[in-house]
Amino acid sequence: MPATSLKEVLSIVQSGHFENLVGTVENDWFECKGAPYILANRNDKQEFAKDISGFANANGGIVLLGAETKINDMHRGEEIFRIRSFSESLVDIEQYFDVLKSWIYPSLYRIEIEWYASVEEPTRGIIAIHIPLQPGSRRPFLVNRFVEETARMNAVVFGYFERVRDNTDPTSVEEIHRLLRDGLHYDTLSANLGASEERIIKQSVDLSIEDTSDSSEITRERVEAAISAARLESRPAYVLTAVPTAAVAVSGLFESRSSPITQLLERPPEIRYGGFDITVGVHPQIVEGRLRRAVTEGRDLELWIDGTLIFIAPADRDFLSWGSYNPQSYLRINQIALIESAYLFVNLYKVLQPYLTPTPASTIFTIELRNMPTEPPVVLYPGAMGGYMFDANVAPDSKVLEEASTSGDWEPAEVAFDLVKRIYHWFGFDEDDIPYTEEVHGRRQISEQKLREITQ
């Protein structure tokens, strides 16, 4: 059974039974390398420092050296399929520590780098680099790179990296500036935080009762802003929205970084380990006193004070079409990614209902694909994963926007099915072609149990 927690990964590594790691999926706290870091030149050292600092700037994690990964259609993230153990003599662990010490500032807290022998072959093993959760007072951790001194310039260039999902992404110069600026003003900010957020709440509640007659136009403007924030303007994009049909206000949205509603946005409910969830992986920030937004390059999850919820992700191989092996021939939408993410989005909005005042009498959900390529075509298969190419249908256009509405006491599984079926209809499929569903009381809906069983 693949490991599903950092504790389980460490336990397996320490036991020496590395074969038990096969099937474990990379995520925001776990990364694998098929071979040790060589550290032969400056680029190697910078790559090493980038990977480790990325975990340190997030919530910590573990890097395994000697585990090879590959894409699996069933999971978001690559999974271990082979262990490539090596001799301990190939790695100088002290050099690893020296590089981290000289390339990352400030120094990392209690990092562990150890070689573990295999039970089956004691002369060979793998290396585990454990980065524990770092004290907030030491962040951010910066990677420095010294530029060659010339007659006219002697400078130091540095970068900031943070682990997001299964990638370690560089941070823009604008974001670095914001982090440094916020750090410089932290004492002032913390002293005035309560009063400031109280003022923001009052202002935002006033905003929430604006005229909503043009709500669809306002939502489109917000989606465009979210697309821009996630830098998906020129890429295939997948968009989900939820908009109450009458004015509401979200209570506690700007209360604190640790409030229940903020935590829901930072870590939305999931169905299964390694699934196609809607977690962005960063803390949602207050924007203009109007919304909380968790955003990275390619992903955005945001909740507005008037109850509008938006999720955006790439519609290409980075999310919705995960596992497309022939992108030059066609882009294949991953059925699991589509169905699971749509269900989790609708379910999140249901979980958020207690924070909406008054509770919306009805809500409009939309599902959208945009900037989809026509050459090569975008295709969708009927049934579960693993269909044949001749069964696929081609998208009739480069974009689609469909909606479903709720009223009264609604079930997330039914609403999610209503959204997904519209995409299947667009591709020319019957509702019977939609997998991972079930009929309950005569109504078709997404089956959470069938989605959960995908990895079992």
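Helix α8 passes helix α9 in a right-handed crossing, a crossing being right-handed if the near helix is turned clockwise from the far one by less than a right angle, and left-handed if anticlockwise. The model is a predicted one, in which local features need pLDDT of at least 70 and side-chain atom pairs count only at pLDDT 80 or more, while totals for chains, interfaces and linings use all residues. Residues are numbered from 1 along each chain as its sequence is written, and side-chain values use heavy atoms, with hydrogens and water left out.

Helices α8 (residues 335-352) and α9 (residues 412-426) pack with their axes 8 Å apart, at an angle of about 140°. This makes α8 oblique to α9; angles under 35 degrees count as roughly parallel, over 145 as roughly antiparallel, 65 to 115 as roughly perpendicular and the rest as oblique. Axes are lines fitted to C-alpha atoms, for helices over the stretch in contact, and angles run from 0 to 180 degrees between N-to-C directions. On the α8 side, Q335, L338, I339, A342, Y343, V346, N347 and K350 meet P412, A413, V415, A416, L419, V420, I423 and Y424 of α9, contact meaning heavy atoms within 4.5 Å. Helices (H or I, at least four residues) and strands (E, at least two) are DSSP runs, numbered from the N terminus.

Helix α2 comprises 16 residues (42-57) and reaches 22 Å from its first C-alpha to its last, close to the 22 Å expected at 1.5 Å a residue; the expected span is 1.5 Å times one less than the number of residues. At its start, a side-chain oxygen of N41 comes to within 3.1 Å of the backbone nitrogen of N43. The buried residues of α2 are F48, A49, K50, D51, I52, S53, G54, F55, A56 and N57, where buried means under 20% relative accessible area, exposed over 50% and partly exposed in between (1.4 Å probe, protein chains only).

T24 lies in the loop between α1 (6-15) and β1 (30-33) and is buried, with a relative accessible area of 0%. The T24 side chain reaches the backbone nitrogen of A3 at 3.0 Å and the backbone oxygen of L21 at 2.9 Å. Leaving aside neighbours within four places in sequence, T24 is in contact with P2, A3, V9, F30, E78, E79, I80 and Y273.

I113, in strand β7 (residues 112-117), counts as buried at 6% relative accessibility. Residues up to four places away in sequence not counted, I113 touches I93, Y96, F97, L100, I127, A128 and I129. The C-alpha atoms of I113 and I93 are separated by 6.9 Å, with the two residues 20 apart along the chain.

Definitions and conventions
Polar contact = N/O pair within 3.5 Å; in protein donor to acceptor, adjacent residues only side chain to side chain.
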